Amino acid sequence: MIDPLTAWSRMFAAGLDMQSNWLRGFETLQASQSVIAARSSKMRDAASAPLDADLAEFARMVPEKIDAFSRSARAITRDSLAMHHAWTVQMQRVGLMMMSGKLPTLPEASALATQTTEYALGAISATARLSRGALSPLHRTATGNARRLKRAKCV
């Protein structure tokens with residue numbers, strides 16, 4: 001059986017991961033705002049002087065989004081499948097116990113309770129992992145672009 005301190009520490013660690021994901025999401029929003037502003041300015045400049053347009057920057061826009069969102073979708077799919085597999089295993093355990101045709105013995109009930117606790121703690125951690133995996137490619141792209149465009153503006 002899982003001791004309460006281990007369960008608490010695992011929930012606390014997952015909570016910290018979720019808080020970190022929230023902060024990275026906020027950073028992504030801020031970086032996106034500065035990238036959109038910088039690129040919109042470049043588009044306005046290109047409208048008035050097409051020959052001086054920053055074509056390299058315009059050429060980056062769509063491929064980088066496709067790459068970032070593809071990586072995000074892969075992470076979501078991978079982590080969702082892992083979570084679904086864990087759920088399926090847990091439901092098989094519960095189903096086998098229900099279909100045994102008898103009341104569970106104390107050791108069987110205790111084993112199921114331990115497995116259910118493990119599943120629940122794993123689901124909490126998996127949720128944090130899923131959101132981190134989904135956000136990381138978008139965060140990396142947006143913050144990288146914001147830094148690059150800020151440096152280009154300063155030069």
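1. T28 is buried, with a relative accessible area of 10%; buried means under 20%, exposed over 50% and partly exposed in between, with a 1.4 Å probe and protein chains only. The residue lies in helix α1, which covers residues 4-48. Helices here are DSSP runs of H or I with at least four residues, strands are runs of E with at least two, and both are numbered from the N terminus.

2. This is a predicted model, in which local features need pLDDT of at least 70, side-chain atom pairs count only at pLDDT 80 or more, and totals for chains, interfaces and linings use all residues. Residues are numbered from 1 along each chain as its sequence is written, and side-chain values use heavy atoms, with hydrogens and water left out.

3. Which residues does T28 contact, leaving aside its neighbours within four places in sequence? They are L135, L138, H139 and A142, where contact means heavy atoms within 4.5 Å. For the protein chain as a whole, 79% of the contacts with a separation of 6 or more join residues 24 or more positions apart.

4. The protein chain has three helices and zero strands, in the order α-α-α from the N terminus. Its C-alpha atoms fill a box of roughly 80 × 30 × 15 Å along the principal axes. The radius of gyration is 24 Å, whereas a compact globule of 155 residues would have one near 15 Å. That radius is taken over C-alpha atoms, and the globule rule is 2.2 Å times the number of residues to the power 0.38.

5. Of the 155 residues, 25% count as buried. The chain exposes about 10600 Å², of which carbon and sulfur atoms supply 68%; areas come from the Shrake-Rupley method with a 1.4 Å probe, and for residues only the protein chains shown count as cover.

6. Two aromatic pairs are found in the whole structure. W8 and F12 are stacked, at 5.1 Å centre to centre and 15° between the planes. Rings of Phe, Tyr and Trp (its six-membered ring) pair if their centres lie within 6.5 Å; planes under 30 degrees apart count as stacked, over 60 as edge-to-face and the rest as tilted. Both residues lie in helix α1, four residues apart, about one turn of the helix. F12 is partly exposed at 44% relative accessibility.

7. W22 and F26 are also stacked, with 5.9 Å between centres and 5° between the planes. Because they are four residues apart in helix α1, about one helical turn separates them. W22 counts as exposed at 58% relative accessibility, while F26 is partly exposed at 41%.
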